[in-house]
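Dear colleague,

Please find below the structure that I am handing over to you. A short account of the findings follows it.

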Amino acid sequence: KRLILIGPPGSGKGTQSPLIKDEYCLCHLATGDMLRAAVAAKTPLGIKAKETMEKGELVSDDLVVGIIDEAIKKPSCQKGFILDGFPRTVAQAEKLDEMLGKQGTKIDKVLNFAIDDAILEERITGRWIHPPSGRTYHTKFAPPKTPGLDDVTGEPLIQRKDDTAEVLKSRLEAFHRQTAPVIDYYSKKGNVAQLHAEKPPKEVTAEVQKALA
Ligand code: ADP
Ligand code: ADP
Ligand code: ADP
């Protein structure tokens, strides 16, 4: 399967991804994770993206399209993939269709993590992450066994620099202005499934499974 997860920051895309990935053996391509790795490694791409990401704005289409183009050509992604956080603009969606067209493939399903903005501040400001694995915790909704440490490895958890109430405002603005039109773009093709992303994680997982059955 070739899937796209769309939703505002904190809607639960990263939380649901591992479950979908394991069930269908897909590769998980999260442009935000890839960009943060590039920033940490101070690669030319990371140096270009850092400031824009800290402001909560979208990096240029060319930067992320390049990353995805490379990733979806990998042998490990031929059976299918989950795009998490991409495409974020209609221009990115058009480029993606073009890349897939060249492979003779297409997107099977777009999962829309629909949720009210009001819930997201609490989710984002309480988020803690274990970057090597991508495991996500929440101080209130999904606390680690030991505060600040990953349950599996015992390694330290981090908070993202852009996970503040202030930067969230810019990220939500970018979402509504630039990413919401991507949902309309795929709705016209008729392959969008609506999820109730405000529900507890297990209920969202059940909706995902129903949408992909
Ligand atoms: P996204 O990848 O869409 O930005 P995450 O999956 O990282 O969102 O979730 C953001 C935060 O909210 C995390 O701390 C996560 O543990 C928590 N969370 C995820 N899904 C739910 C849910 N259904 N209900 C409550 N909290 C959730
Ligand atoms: P979240 O999980 O909170 O939805 P991401 O981790 O997907 O956020 O993205 C973090 C930041 O990385 C974004 O605010 C943006 O600056 C950049 N980014 C990620 N994916 C894209 C994309 N497809 N297009 C442009 N910028 C992106
Ligand atoms: P159970 O005790 O039934 O096994 P869990 O321990 O998985 O359930 O979850 C306990 C509570 O925490 C539930 O309300 C669930 O919705 C919430 N929860 C579980 N995982 C997450 C997560 N990743 N993000 C946010 N909330 C979560």
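By class, how many residues of the shell around ligand 1 are nonpolar, polar and charged? The shell has six nonpolar, seven polar and four charged residues. Please bear in mind that this is a predicted model.

The ligand site. Ligand 1 is surrounded by 17 residues, and the closest are Lys13, Thr15, Arg127, Tyr137 and Lys199. Two elements, α1 (13–24) and β6 (135–138), each contribute at least two residues to this shell.

Backbone atoms also take part in the contacts. A polar backbone atom of Gly12 is 3.0 Å from an oxygen atom of ligand 1. A nitrogen atom of ligand 1 is 2.8 Å from a polar backbone atom of Lys199, and a nitrogen atom of the ligand lies 3.3 Å from a backbone N or O atom of Pro201. On its own, ligand 1 has 560 Å² of accessible area, of which the protein covers 92%.

The disulfide. The count comes to one disulfide. This bond joins Cys27 to Cys77, with an S to S distance of 2.1 Å. The link is right-handed, with 120° about the S-S bond. Cys27 belongs to strand β2 (residues 27–30), whereas Cys77 sits in the loop between α4 (61–72) and β3 (81–84), so the pair ties together parts that are 50 residues apart in sequence.

Are these two cysteines buried or exposed? Cys27 counts as buried because its relative accessibility is 12%, which is under the 20% cut-off. Cys77, at 4% relative accessibility, counts as buried as well.

With kind regards

Conventions: Residues are numbered from 1 along each chain as its sequence is written. Chains are lettered from A and ligands numbered from 1 in the order in which they are written. This is a predicted model: local features need pLDDT of at least 70, side-chain atom pairs count only at pLDDT 80 or more; totals for chains, interfaces and linings use all residues. Side-chain values use heavy atoms; hydrogens and water are left out. A residue is near a molecule or strand if one of its heavy atoms lies within 4 Å of it. A polar contact is a pair of N or O atoms within 3.5 Å; within protein, one must be able to donate a hydrogen and the other to accept it, and residues adjacent in sequence count only if both atoms are side-chain atoms. Accessible areas come from the Shrake-Rupley method with a 1.4 Å probe; for residues, only the protein chains shown count as cover. Helices (H or I, at least four residues) and strands (E, at least two) are DSSP runs, numbered from the N terminus. Ala, Val, Leu, Ile, Met, Phe, Trp, Tyr, Cys and Pro count as nonpolar, Asp, Glu, Lys and Arg as charged, and the others, Gly among them, as polar. A disulfide is a pair of cysteine sulfur atoms within 2.5 Å. Buried means under 20% relative accessible area, exposed over 50%, partly exposed in between (1.4 Å probe, protein chains only).
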